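Hello,

Here is the model I promised to pass on.

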Amino acid sequence: MTEKLEELNISRRASRMRASEIRELLKLLDRPGMISFAGGIPDPALFNQAAYREAYAEALSDDGRSLQYSTTEGHPQLRRWIADYMRERGVACDESHILITHGSQQALDLIGKLLIDPGSEVITLAPTYLGALQSFSAYEPEYYPVRFQNGVAETNVTSARVLYLVPDFANPTGVTLSLEDRKAALELARRTDSVIVEDAAYTELRFEGERVPLIAALDIAEAGSIDESRTLFCGTFSKTLAPGLRVGWICGPTALIQKLTLIKQASDLHTSTINQDVTYRVASKHFNETVEKALVVYKSRREAMLRALDAYAPEGMSWSTPSGGLFVWVTLPAQLDAARMLEIAVERNFAFVPGGAFYPDGSGNNHLRLSYSLLPDDLIDQGIKGLCDLVREQLA
Ligand SMILES: Cc1ncc(COP(=O)(O)O)c(C=O)c1O
């Protein structure tokens, strides 16, 4: 198959896309008895099935409108609901600043198409969200890492197209950028003339502490209006309501939203009419209550994971302590290779994601990502014990 493809005249961008060995290994995770910290997906027990049954029934009694084509910009009431949501979080906007997308993953792809030419500079944290690297890489950028430290952004690039950040409870690290670091990000974007892509996939999943202002809100406050700002905020219902709906959005300055709308039109015409309609019905009735229920569950699982790490981890192993989201990021002694350890872990029926996948330059092999989202406390304890035993053996 691979050889045949290479004979074909496919594009340079497609020929560079490779299935990752790790993803192939992670396909084994459906095996019975597997304790998987790999997924990072929401717990399906938290999906409000009754609300969806009701919402789909209502949507389907609407003269077929929810089964018809609809506008690229998206469902008008849903856009208004999102504009209200954004305003409540300090982003002065209206529905004309909102484009509904097929999840925030599509938002990243559309933004890549909008902003990145071959060789364009993209600034990211290293590590960062693998899916963003995959979306952007199709447009052949050069990646430049940035480090934030006490309100200073350290990078060696002087101009860039994109500054991509997951400021709250990041995937993969669980780390949240402080207010000072967000201001530094804005300053860096101005200095390098780049557009900030604020990926807010986990922002609602805060277990404790005060919300840190959104970068989009800080940007608008300084710029004077959203149309003068340079942030494209990517939101999603995947981690709050349900990912299978595939409904997310981009909020940003009109000029960029209009271009993104044209790009989306060429790509898929619009996001599923019925899923937008159902998302609106469920979000407008149940959003806060659904998020609150999820927070109780994820917070308790986060605690179980941190407790187990405290109890079993050998010297030299350290980890992040997220105040929200779904991930803990583990750093192993430099000589260990998490990708090799995963092969042994899978034989022993537990799994994680090796850290190298999240670095644009393929480094980071002594890190790994753990998610606590799907497992009850006793299995978290058992799996973390297995992981710590494996680390100890590797160090011996
Ligand atoms: C940081 C981040 N951004 C975006 C996404 C994509 O989410 P969706 O397309 O379901 O909205 C994910 C999914 O895991 C994510 O972790």
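Below are the overall picture and then a few backbone details.

This is a predicted model, in which local features need pLDDT of at least 70, side-chain atom pairs count only at pLDDT 80 or more, and totals for chains, interfaces and linings use all residues. Residues are numbered from 1 along each chain as its sequence is written, and side-chain values use heavy atoms, without hydrogens or water.

The chain holds 13 helices and 15 strands (DSSP runs, H or I of at least four residues and E of at least two, numbered from the N terminus). Buried residues account for 53% of the 396 residues; buried is under 20% relative accessible area, exposed over 50%, and partly exposed in between, with a 1.4 Å probe and protein chains only. The C-alpha trace spans about 60 × 55 × 50 Å along its principal axes.

UniProt, in an unreviewed entry, places "domain: Aminotransferase class I/classII large" at residues 53–385; its positions are in the numbering used here, the feature name is shortened, and the annotation may be inferred rather than shown by experiment. That stretch is 42% helix and 16% strand.

Two cis peptide bonds deserve a look. One runs from Ala 126 to Pro 127, with omega near 10 degrees, and Pro 127 sits in the loop between S3 (121–124) and H7 (130–137). Another joins Asn 171 and Pro 172, with omega about 20 degrees; Pro 172 lies between S7 (162–165) and H8 (179–192), in a loop.

Asn 150 has a positive phi, near 45 degrees, and counts as exposed because its relative accessibility is 75%. Leu 269 also has a positive phi, near 65 degrees, and is partly exposed at 41%.

Best wishes
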